Structure formats: C-alpha cells, structure tokens
Amino acid sequence: MDAYRIRSEPFYQSAGDEIALFQAAYAKRLPLLLKGPTGCGKTRFVEHMAWRLGKPLVTVACHDELSAADLVGRWLLDAEGTRWQDGPLALAARHGALCYLDELVEARADTTVVIHPLADTRRMLPLTACNELLAAHPDFALVVSYNPGPLARELKASTRQRFCALEFHYPAPEVEAAIVARESGLALDDAAAIVAFGVRTRRLQGHGLDDGASTRMLVHAAVLASQGVAPRRACRMAVVDALSDEPGVHEALRAALDASY
C-alpha cells in the first residue's frame, strides 16, 4: 500500500470542527458521509486527513457505469492462468487503508449495496466470485461523499443510515480569499475580488443555475490571473463560460462579473 500513501501535507484550511470530528469517527472506525456542493474541499479534506492519520488512501470516482466487480475485484486471465485481483474497496479493506468513494450517489444502486456489510458492525466484504468473506483490517475506514441538490440523486435510506455525516459549505469570504490566494499565489486583495464575484454567482443558485462558482473554479481563475491574464478575463474563462451555456443564465453571470469588475 506504499503507493497509496500521501507523502506531503495537502493544504487544507479548516472551517470548523471537522478535523476533530473526523478523528473521533476514525478512532471508532465509524463510516463517514461527506456532503456539500461540488468543489468546496471535500476531497482535499479526505486527503489531508489521510496524511494526518498516516494512512494510505484509496480513492474511487463513482459513476453510473461503476459495477460491483469494479469495487470488489474480478478474476483475470494471464499467461499463467487465472488469478484474482482485488478491486479498490477490497484492497483498502484487506490492507487497512482509508477508502474514499467520491460521489457515491452516481454509482448504480446495485453497486452501492456491496458496501453495506462494511459500513455496519460486521465490517465484512463478501467476495462471492472467489468464495471469500473478507474481514476488514482493523485500520480500515470507509468515507463517501455526495453533492446534494434539487436535481441530485438521493442515497437510499438503507445506505445513508449506516453513516455519520459531515456537512460542508463554501468557506466565509475572508477564509475563501485566503485559500484562493494560498493555492494560486495571487495577492490577497486580488483573490478577495475574485471570491466576491464567486459569491455573486452563488446567489443565482435556484434561478437557472444548479450551483454557483466553486472554490475550485475560483482558484482556477486566480491561477490564470497569476499568469498575467486580466482578472476579469480570467473569471470569464474559468467561471462564466464554464458554468453554463444557457443564454439567460450566461447573461446573469456576465452581469455579476460586470458588477465585480
């Protein structure tokens, strides 16, 4: 599992008590559900916690074609015959890593069921294809995330009730500006102006826009600005033109940009 260890500290700016809560849950190996808007720092938080705890991290980006075999493993054929290969979930459970299933709600319902025996007191993973009942390593912990919203899929109650939940939001503007400046190398005042524009876009949520500008998008704009791109043009490229192609929404985003610069 050495390849899955994070060597240097991923930058993460705490916005509350989420670090202490994660540590408390991990101490008892309680599975965690992280929920919040896209690009608000959930994945970076998990990476930071894996580094802080000194544990390997196995990450799976879930999608609607993800099968149970993709998670638990399958038989492979090579020159010496057939051999079993653990999937990422089985690998983490067998060797005591953190397993992070990003956007679990995007996976097929029949796929998410395979995590149920790992996410309760059994801490077992049935590998029916190879006739093994895998008992999770004592260090193993399961973390999943999803982005709730009016158009988002919902996790089944039988799945979500197995988890403790941590809710994430975009940071306060002054904190977000410091994050954007730190990640991009842009001056704090310039980063604050980009964040102010991002806050304006979030006010359009529910008015033709599912989500406003994420912290990730604002960092992209700031990175462009740090490379000499005019801040207004950087915001147009990284945010306005990336968020929506719907004419009315696009016009509202340009108006928000005009109000900022």
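On a 1 Å grid over the protein atoms alone, a pocket is an open set of points with protein on both sides within 12 Å along at least five of seven lines, whereas a cavity is a set of points where a 1.4 Å probe fits but cannot get out; lining residues have an atom within 4 Å of a point. Grid points are joined across faces, edges and corners, and a volume is the space filled by probe spheres set on the points. The structure is a predicted model, in which local features need pLDDT of at least 70 and side-chain atom pairs count only at pLDDT 80 or more, while totals for chains, interfaces and linings use all residues. Residues are numbered from 1 along each chain as its sequence is written, and side-chain values use heavy atoms, with hydrogens and water left out.

The largest pocket has a volume of about 630 Å³. Its lining comprises 29 residues, of which Gly39, Cys40, Gly41, Lys42 and Arg44 are the closest to the centre. At least two lining residues come from each of helix 1 (18–27), helix 2 (42–53), strand 5 (98–102), strand 9 (164–167), helix 7 (173–184) and helix 9 (215–226); helices (H or I, at least four residues) and strands (E, at least two) are DSSP runs, numbered from the N terminus. The lining contains 12 nonpolar, 8 polar and 9 charged residues, where Ala, Val, Leu, Ile, Met, Phe, Trp, Tyr, Cys and Pro count as nonpolar, Asp, Glu, Lys and Arg as charged, and the others, Gly among them, as polar.

A search of the whole structure finds 1 cavity of 30 Å³ or more. The volume of the largest cavity is about 40 Å³, and Phe22, Ala25, Tyr26, Leu30, Leu32, Ala141, Leu142 and Val143 form its lining. The lining divides into 8 nonpolar, no polar and no charged residues.

Pro138 is located in the loop between strand 7 (132–135) and strand 8 (141–146). With a relative accessible area of 59%, Pro138 is exposed (buried means under 20% relative accessible area, exposed over 50%, and partly exposed in between, with a 1.4 Å probe and protein chains only). Beyond residues up to four places away in sequence, Pro138 touches Arg29 and Arg123, contact meaning heavy atoms within 4.5 Å. A distance of 31 Å separates the C-alpha atoms of Pro138 and Gly39, which are 99 residues apart along the chain.

Arg29 itself lies in the loop between helix 1 and strand 1 (32–35) and is partly exposed, at 22% relative accessible area. Most residues other than glycine have a negative phi. Arg29, although not a glycine, has a positive phi of about 60°. Glu103 also has a positive phi, of about 55°; this residue is in the loop between strand 5 and helix 5 (109–112) and is buried, with a relative accessible area of 18%.

In strand 6 (residues 124–127), Leu125 and Leu127 form the covered face, and Met124 and Pro126 the uncovered one. Strand 6 and strand 7 run antiparallel and are joined by 4 bridges; two strands pair if DSSP finds at least two bridges between them. The bridge partner of Leu127 in strand 7 is Glu132. Leu127 is also among the residues in contact with Asp86, which belongs to strand 4 (residues 81–86).
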